[in-house]
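I wanted to look through the chains one by one and then see how they meet.

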Amino acid sequence: RAQLLDYTLQLADTSLILGHRLSEWCGHGPILEQDLAMANIALDLIGETRSLYQYAAELESQGRTEDDLAYLREAVEYKNPLLVEQPNGDFGDTVMRQFIFDGFHFFLLKDLQNSPDSGLAGIAAKSFKEASYHIKWSSEWIIRLGDGTEESKRRIQKSLENLWMYSGELFSMTHTEEQLSQAGLIPDYRTLQPQWEAHVGKVFAEATLEVPQNVFMQKGGKTGRHTEHLGYLLTELQYLQRAYPGLEW
Amino acid sequence: RAQLLDYTLQLADTSLILGHRLSEWCGHGPILEQDLAMANIALDLIGETRSLYQYAAELESQGRTEDDLAYLREAVEYKNPLLVEQPNGDFGDTVMRQFIFDGFHFFLLKDLQNSPDSGLAGIAAKSFKEASYHIKWSSEWIIRLGDGTEESKRRIQKSLENLWMYSGELFSMTHTEEQLSQAGLIPDYRTLQPQWEAHVGKVFAEATLEVPQNVFMQKGGKTGRHTEHLGYLLTELQYLQRAYPGLEW
Amino acid sequence: METIIDKSLEELFEEKIANEIRIEPKDWMPEQYRKTLVRQISQHAHSEIVGMLPEGNWITRAPSLKRKAILLSKVQDEAGHGLYLYSAAETLGTSRDQMIADLHSGKAKYSSIFNYPTLSWADIGAIGWLVDGAAIMNQVPLIRTSYGPYARAMVRVCKEESFHQRQGFEIMMTLCNGAPAQKKMAQEAFNRWWWPTLMMFGPKDSESPNTEQSMRWKIKRFTNDELRQRFVDMMVPQAEFLGLTVPDKDLKWNEAKNGYDFGDVDWEEFWNVVKGNGPCNKDRINTRVKAHEEGAWVREAALAHAQKRVQREAAKNVA
Amino acid sequence: METIIDKSLEELFEEKIANEIRIEPKDWMPEQYRKTLVRQISQHAHSEIVGMLPEGNWITRAPSLKRKAILLSKVQDEAGHGLYLYSAAETLGTSRDQMIADLHSGKAKYSSIFNYPTLSWADIGAIGWLVDGAAIMNQVPLIRTSYGPYARAMVRVCKEESFHQRQGFEIMMTLCNGAPAQKKMAQEAFNRWWWPTLMMFGPKDSESPNTEQSMRWKIKRFTNDELRQRFVDMMVPQAEFLGLTVPDKDLKWNEAKNGYDFGDVDWEEFWNVVKGNGPCNKDRINTRVKAHEEGAWVREAALAHAQKRVQREAAKNVA
């Protein structure tokens, strides 16, 4: 149960932080339609976040609420992988971060729908539909930018090179994940990775992008060792809850 | 006394916010020597800030400390003029913001040293020496950048055009300032302005820069109506004090 | 000959207007009617887009996950409104690109209210409650406006706006029923937004040159002063309900007119903001221009890719 | 002929080294000595400059005005150290520009410790206490290093560093005597910084190829393992005093050697960070390169202006 809580929090932190990053785009997108699309994905992720934190609060049964869990922890207590906390950069960086994540998210939720844990399974089933839209959106944009102009290709290839080192952590399993997987509650990520690689490889090929080779994979976020970017994100995210503890909004 | 408190807070907020902005440069300056110089000015301003808040706390006598005053107020309660909260932009923007402020600061402190209020006079005397260094630094840089390369001239002229609209507020007197001035406790800003204009004009002439004409002067900061930039600055500034109320650090 | 045809077209047009029959994109319409509409609809579209910024400013700092989702969703709705309205304006023969270029050059206007900054979370409540309230009052009559696409866009816009207004009111209510610091925050925001909101109805009738023609064409249905009065009469009781003090010492119930007397708007401030000297005019336009310029490579790539696809399809069909 | 002269110069050099006489910039020195020194001093200078970043990361979030001023002043001191050290290295004939270019290209190294992120305020305490502590242990012997300008720079550097270390310890002490959340923060930071700090003394002696020659030339005075042992022996009691638990289950007092036995550093992590794969290697260099590139126009302007001045002076003198 403690491990299930731990894992649920990790998923919640992940969608929270990525949703937050996407929401930073609101009003600043390159095309009005994409402003809408990114807000949509952010909303889906925040919705998923809420369900997950609510479930975590239930598992924990200490009277903490979704907002306590989202707003009142220290940077080192957040368990999201490093990828999702990376800054937005340009639109290509955001699309690439999303694309790397979406494949993972899609295949994970697909399996997680069948978890014997009905809490996780229910949330996964709902979010899986949304994730199917996300992966379509980001894959299309990878292809458009890769197989677009010379400039767009140069930029998105660069985004790929900058972000690829954060892709490995998605599939590297923590102690908690290993145990939950052995207990059959969550998929073995080693079975997800080939599916993800197939999808990613196909899209990159169509986008005429080259996957960087022999990249040293960074990890740490899932055990609370973040990059310095997360702290600044949290100062904004948590500001009002910190400034006025315990109030209703 | 309430007015003196109000005014002291306004001065403190001003040096706090400008010092904070300068401190954001630390480690990111264009030349190591200028990294040092900006940190130096920031330190002077933070030092001035502390003296002013300490004096304000004394005037208020409600048991609040310098840190309570610096860290635990809402954006609309800060009374700094809009100029000092403007983002750093490039080095030229920072130098221009500093230059516009330094002239005001220098001539204000020069007079304020003679205030019959010994609290203000003492702080002003100490800070005046530092301000003499600041005005020298920023004036020299205005000249260097204005009379440097074509690019530097274009940039610094642009900085001037962007920031000039915030210069008027420095000399526009609030109700509090009018009354303190009439009571002889602080100078009449109308007498400071010509001195400032003479200095600024001389430097701009040497820098071959053109002062924008017929600019509508923005104001509001001195009465708590800020730009949206201040809020983000405060989320960082206040984070720890807000997250852990009432602790020693 | 042409004159005669034109005249009969004009007569037809006037007849439709008189009989409340909608004008549609393919119908003949006077050049001035078309121009007025493009100006008004694009201005309305721009207002939605620029209006995303002050509220967007608090998305990352929203105080709860629920509020964050509601706010993000609201700002997203505004982007959606912008889209319908640009489409409606495009039916009159002006491209979205052209309209955006006019916004960025300063030729086209947007609602001045968005040149005020959002300084606290309560501003999000105040904007929803007051600004959306005023917008609805301005816009509901537009559902009956004479130009079809605009009228239809307004149906959806107004429906969503009243939803937003309820959310804004709810934020204010939560703050006003909350801790003293929250109530203070609400009052402070109310103080800042009250007068700018009254300015949203435009200049006094005596100084509004376009009103008469627009009313005649049924683009506009009420005068500025009429709408302003209705707004004050509607909002004062709501403010009282919230326990907020209207920042107007001249406010007084006038039994005779069955409405409130209220102080005069600061018209100097009004015209300053209209002329581009509001607290955020420069920031707002700079932000939009920056987003547009930084997105240029994305738009070019999307276009280039679409063209490649078309060419590949064509090549396939030939083969 | 030349060989003979060289030999006698070399003998002279060796003699000075043996007699602890300082080598000065104009003295003859072996090419390898010069190279080793440039590498070491520039690496040291780079470490000061890159080291500004992790701590600079908390200046805007320092929890009190006093702490903010102390931290800013400390980071400023590091910039100052960078300056002296670049100057010392320049006396060996390599320009600051060249050294900075080598840093940015990845050719030159800096202390790996700065490739770890600062994630909480306690990290500022931990860095001051542990990292500066280790730096001092590495650097104090350098006051007696054979190259004059380096030795003299180190006098000032070490003096300021021990001041910084005391400040770091004081932050830790305040946290450890504070609320439970603060103590937890301190322990968590200690857990993250302990091992990377032990790595600061470099690879094991058995795997440190340059040590022997550097010791012979008295550039270096103690081996890596010697310094690491001294550091552990010094810090463990301090951690105990603070009430912190050293994150090493193998740590144990060894009466026989009158020092602590301690666990083995994760050498795989060590080499990874050295090779550029640490958590922040890319961010640190990107940040420095960005600052340098964005500052190019400023440096060019300063140069252009200085030249204009010189020309104007010259013209005046001619006239």
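How many helices and strands does chain A have? I found 11 helices and 0 strands in chain A; helices (H or I, at least four residues) and strands (E, at least two) are DSSP runs, numbered from the N terminus.

**Ground rules**

I am working with a predicted model, in which local features need pLDDT of at least 70 and side-chain atom pairs count only at pLDDT 80 or more, while totals for chains, interfaces and linings use all residues. Residues are numbered from 1 along each chain as its sequence is written, chains are lettered from A and ligands numbered from 1 in the order in which they are written, and side-chain values use heavy atoms, with hydrogens and water left out.

**Chain A**

Reading chain A from the N terminus, I get α-α-α-α-α-α-α-α-α-α-α. I looked up the extent of the C-alpha trace of chain A too: about 55 × 40 × 30 Å along its principal axes. The radius of gyration of chain A is 18 Å, which agrees with the value near 18 Å for a compact globule of 249 residues. That radius is taken over C-alpha atoms, and the globule rule is 2.2 Å times the number of residues to the power 0.38.

Next I checked burial. In chain A, 65% of the 249 residues count as buried (buried is under 20% relative accessible area, exposed over 50%, partly exposed in between, with a 1.4 Å probe and protein chains only). Of the contacts in chain A with a separation of 6 or more, 80% join residues 24 or more positions apart; contact means heavy atoms within 4.5 Å.

Is A:Glu248 buried or exposed? A:Glu248 counts as exposed because its relative accessibility is 65%. I placed A:Glu248 in the segment after helix H11 (229-243) of chain A. Leaving aside neighbours within four places in sequence, A:Glu248 is in contact with C:Thr174 and C:Gln182.

**Chain C**

On to chain C, where I noted 12 helices and 2 strands. The order from the N terminus is α-α-α-α-α-α-α-α-α-β-β-α-α-α. Chain C spans about 75 × 50 × 30 Å along the principal axes of its C-alpha trace. With 319 residues, a compact globule would have a radius of gyration near 20 Å, and the 22 Å of chain C agrees with that.

Buried residues make up 55% of the 319 in chain C. For contacts in chain C with a separation of 6 or more, I got 76% from residues 24 or more positions apart.

I picked C:His305, in helix H12 (residues 296-318) of chain C. Which residues does C:His305 contact, once neighbours within four places in sequence are left aside? My list is A:Ile143, A:Arg144, A:Asp147 and A:Gly148. C:His305 counts as buried because its relative accessibility is 5%.

**Chain B with chain D**

The size of an interface is often given as the accessible area lost when the parts come together. Here that buried area is what two parts lose on being put together, summed over both, with a 1.4 Å probe. For chain B and chain D I have about 4,000 Å², with carbon and sulfur atoms giving 69%. Chain B puts 48 residues into the contact and chain D 47.

I counted 4 salt bridges between chain B and chain D (a side-chain nitrogen of Lys or Arg within 4 Å of a carboxyl oxygen of Asp or Glu). One of them joins the side chains of B:Asp147 and D:Arg312, at 2.7 Å, N to O.

Which helix of chain B gives the most to the side that touches chain D? H2(B) does, with 12 residues. By class, that side of chain B has 22 nonpolar, 12 polar and 14 charged residues. For this, Ala, Val, Leu, Ile, Met, Phe, Trp, Tyr, Cys and Pro count as nonpolar, Asp, Glu, Lys and Arg as charged, and the others, Gly among them, as polar.

**Chain A with chain B**

Last entry: chain A and chain B each give 10 residues to their contact. The area buried between chain A and chain B is about 1,000 Å², 55% of it from carbon and sulfur atoms. In chain A, A:Thr235, A:Tyr239 and A:Arg242 lose the most area to chain B, together 52% of what that side buries. I found 0 salt bridges between chain A and chain B.
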